[in-house]
Amino acid sequence: MKPETFDIIRQTLPILELHGEKIADCFYKNMFRNNPEVKTFFNPAHQHEGTQQRALAGALCAYAQHADNPEKLKHAIELIAHKHVALGIKPEHYPIVGNNLLLTLREVLGEAASDDIIDAWADAYGLLAGLFIDREDDLYNQQTQQHGWQGFKAFNLIRRHQESSNITSFYLSPMDKKPLQAYLPGQYITLKVQLADGSQVMRNYSLSAAPREDYFRISVKKEKNQLPEHADGVVSNRLHDNFHEGDQLLVTPPSGVFTLKLPSDNHRRVVFIAGGVGITPLLSMLHHGLAHSPYRPFTLIQLARNNDVLPFHEELLVLAHTYENFDWHVRLSQPASIVNSDKLHQSLGHIDKALLEQLLPDPQADYYLCGPKAMMKATRLLLQQRGVEDSAIFAEFFGPAEAL
Ligand code: FAD
């Protein structure tokens, strides 16, 4: 791509920042009208909440800023490529997105969208699409080599276990009985679930156990409507209410970049900070870390509203009793009562400076965060205030891929 093209793209940044969400909103409307076949890749709840639009608007701005420096976009491209592979996005989908994006830029920007601007965006999009297509091709090949399949494979639901009043674990074993290969703790799979009307929808779920040959374990929170006028979560409720032992589910191989990277210093602490069901990828990491790094201190700060919705209590109690190098603290924001049990330290409130100072007098550690967005934002800020480098903070959000 010519340097002038990058200049033109960069010049569109202020206008994208101003109209980003409107562009994203119109873009999805145009694309779903012109190419309804791609609707299956998107979750309508994310469209209603606006999270999908915000993710795209942020991505466009970030791309406009760094289009000539793919190194700056590397992490985001990797994150999104994994999400695309988890959903089965293929090269033929890129022109659909490209055409609808250009159409939308013309529509929203009107006269400001000169031919030069549209041509520059067409070139820039082509470049970005090429990066994704190449990386996703590598990832599909890796999945076939490492896990033995790509796309969806039939699994049998062999066990359900209630972890809290609203979280249930589902144990999934491949119908072909082939041993499952190790995944990286923190990775997720995609489920394809048939709804009552016969339609099929996809959702990502983190693997919540350490890798095993015989099953994957996922742990799903039953999502109730946040407002009376909204529907309950489609897939989580269907799994909880309609899937029983012996039922079949379609499952992809594991994907995802939010994985445990044990520091080379065997004594450097690893801290997991989990909000609600956000504990799932962290629990897989914790099991793996404790089994493979005996001299390293591990801390889990588990945040939940109350004891009813506090998952994995028994499992964590066993870990806390087994491993001297594991500290576990539970903080409840709206407790009905406090449970005092051996090795389980509970406190009240939200995560704050005093708690971090008390549990981690030396803040130097690697931190893994997963939970609601507001909790992760507040935690990151607290860690930064304690002098923790951004490079030591890793986070996953259970929603559309964040801005580039
Ligand atoms: P949806 O139908 O997608 O609805 C989601 C929410 O939106 C609900 O609260 C619903 O009430 C609300 N809603 C519905 N209609 C509207 C509307 N019109 N306007 C606004 N809001 C509305 N989840 C887990 O439980 N465990 C995991 O381990 C896990 N891991 C994940 C890993 C990754 C990488 C990602 C991206 C997500 C993960 N998730 C996990 C989340 C999971 O993929 C689903 O998003 C979740 O189960 C909700 O899906 P659903 O179909 O039940 O709800």
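**View 1. Strands β1 and β2 pair in this predicted model.** Strand β1 covers residues 153–162 and strand β2 covers residues 167–174. The two run antiparallel and are joined by seven bridges.

**View 2. Six strands form an open sheet.** The strand order is β4-β3-β6-β1-β2-β5, and the pairing is antiparallel. β4 (200–206) and β5 (216–221) stand at the edges. Each has a single partner strand, so one side of each lacks a neighbour in the sheet. From one strand to the next, the twist averages 40 degrees.

**View 3. Helix α5 packs on the sheet.** This helix spans residues 70–87 and touches β3 (188–194) and β4. The directions of α5 and β3 make an angle of about 35 degrees.

**View 4. Helix α8 lies across the strands.** Residues 234–242 make up α8. The helix lies across β1, β2, β3, β4, β5 and β6 (248–251). Relative to β4, α8 runs at about 85 degrees.

**View 5. Helices α5 and α7 pack against each other.** Helix α7 comprises residues 115–147. The angle between α5 and α7 is about 50 degrees, and their axes lie 9 Å apart. That angle makes α5 oblique to α7. Their crossing is right-handed.

**View 6. Residues of both helices make the α5–α7 contact.** From α5 come Pro70, Ile77, Glu78, Ile80, Ala81, His82, His84 and Val85. From α7 come Leu128, Leu131, Phe132, Arg135, Glu136, Leu139, Tyr140 and Gln143. Ten of the contact residues are nonpolar, three are polar and three are charged.

Methods:
Residues are numbered from 1 along each chain as its sequence is written. This is a predicted model: local features need pLDDT of at least 70, side-chain atom pairs count only at pLDDT 80 or more; totals for chains, interfaces and linings use all residues. Side-chain values use heavy atoms; hydrogens and water are left out. Two strands pair if DSSP finds at least two bridges between them. Helices (H or I, at least four residues) and strands (E, at least two) are DSSP runs, numbered from the N terminus. Axes are lines fitted to C-alpha atoms, for helices over the stretch in contact, and angles run from 0 to 180 degrees between N-to-C directions. Contact means heavy atoms within 4.5 Å. Angles under 35 degrees count as roughly parallel, over 145 as roughly antiparallel, 65 to 115 as roughly perpendicular and the rest as oblique. A crossing is left-handed if the near helix is turned anticlockwise from the far one by less than a right angle, and right-handed if clockwise. Ala, Val, Leu, Ile, Met, Phe, Trp, Tyr, Cys and Pro count as nonpolar, Asp, Glu, Lys and Arg as charged, and the others, Gly among them, as polar.
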